[in-house]
Amino acid sequence: MAFKISDECISCGACEAECPNEAISEGDLQYMIDPDKCTECVGFFDTQQCYEVCPVEAPGPDPDREETHEELLAKFRTLNPGKEPA
């Protein structure tokens with residue numbers, strides 16, 4: 001499933017630069033993740049980079065956007081044509 005950023009976000013911006021799909025952007029009150037671009041780092045890394053760098057653990061799974069590993073991998077391929085998954 002795609003990740004989302006909770007209200008715990010302190011708007012530090014650490015997550016934005018770590019997202020390989022450029023799915024994270026600054027919102028009015030906190031950072032946000034575009035669920036159409038979030039692959040949970042599938043295809044790039046074994047762990048979710050936004051979660052790894054967040055000092056308050058604000059990024060987490062979005063229960064409204066459940067996706068299988070295969071669906072996330074397909075999204076990776078759509079967003080990154082020609083790139084082989086790691």
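Here are some questions and answers about this predicted model.

Residues are numbered from 1 along each chain as its sequence is written, and side-chain values use heavy atoms, with hydrogens and water left out. Because the model is predicted, local features need pLDDT of at least 70 and side-chain atom pairs count only at pLDDT 80 or more, while totals for chains, interfaces and linings use all residues.

Q: How many salt bridges does the structure hold?
A: Let's start with the rule: a salt bridge is a side-chain nitrogen of Lys or Arg within 4 Å of a carboxyl oxygen of Asp or Glu. Asp36 and Arg65 meet this way, at 3.1 Å from N to O. Lys75 and Glu67 do too, with their closest N and O atoms 3.0 Å apart. The number of salt bridges in the structure is two.

Q: How many residues apart in sequence are the parts that Asp36 and Arg65 tie together?
A: Asp36 and Arg65 form a salt bridge. Asp36 lies in the loop between β3 and α2 and Arg65 in the loop between β4 and α3, so the pair ties together parts whose separation in sequence is 29 residues. Helices (H or I, at least four residues) and strands (E, at least two) are DSSP runs, numbered from the N terminus.

Q: Is Arg65 buried, exposed or partly exposed?
A: Buried means under 20% relative accessible area, exposed over 50%, and partly exposed in between, with a 1.4 Å probe and protein chains only. The relative accessible area of Arg65 is 27%, so Arg65 is partly exposed.

Q: Are Lys75 and Glu67 buried or exposed?
A: These two side chains are partners in a salt bridge. As for their accessibility, both Lys75 and Glu67 are buried.

Q: Which side chain of opposite charge is nearest to Asp62?
A: Asp62 sits in the loop between β4 (59–61) and α3 (69–79). For charge, Lys and Arg count as positive and Asp and Glu as negative, with His and the chain ends not counted. Asp62 is buried yet has no salt bridge, and at 4.3 Å the nearest side chain of opposite charge is Lys4.

Q: Which backbone nitrogen does the side chain of Asp62 reach?
A: Contact means heavy atoms within 4.5 Å, and beyond residues up to four places away in sequence Asp62 touches Met1, Ala2, Phe3 and Lys4. At 2.9 Å, the side chain of Asp62 also reaches the backbone nitrogen of Asp64.

Q: Which residues is Ile33 in contact with, leaving aside its neighbours within four places in sequence?
A: Ile33 is found in strand β3 (residues 31–33), and its 12% relative accessibility makes it count as buried. Ile33 and Ala2 are 31 residues apart in sequence and 8.4 Å apart in space, C-alpha to C-alpha. Beyond those neighbours, the residues in contact with Ile33 are Phe3, Lys4, Ile5, Ala23, Ile24, Cys38 and Cys50.

Q: What is the phi of Glu22?
A: Most residues other than glycine have a negative phi. Glu22 lies in the loop between α1 (14–18) and β2 (24–26) and is exposed, with a relative accessible area of 66%. Although Glu22 is not a glycine, its phi is positive, at about 55°.

Q: Is Cys41 buried or exposed?
A: Cys41 is in the loop between β3 and α2 (49–53). Its phi is near 70°, a positive value in a residue other than glycine. With a relative accessible area of 8%, Cys41 is buried.

Q: How many aromatic pairs are there?
A: Rings of Phe, Tyr and Trp (its six-membered ring) pair if their centres lie within 6.5 Å; planes under 30 degrees apart count as stacked, over 60 as edge-to-face and the rest as tilted. By this rule the count of aromatic pairs is two.

Q: Which residues form one aromatic cluster?
A: Phe44 and Phe45 form a tilted aromatic pair, 6.4 Å centre to centre with 35° between the planes. Phe44 and Phe76 form an edge-to-face pair, 5.0 Å centre to centre with 80° between the planes. The residues in the one aromatic cluster are Phe44, Phe45 and Phe76.

Q: How many disulfides are there?
A: A disulfide is a pair of cysteine sulfur atoms within 2.5 Å. By this rule, the count of disulfides is zero.

Notes: A polar contact is a pair of N or O atoms within 3.5 Å; within protein, one must be able to donate a hydrogen and the other to accept it, and residues adjacent in sequence count only if both atoms are side-chain atoms.
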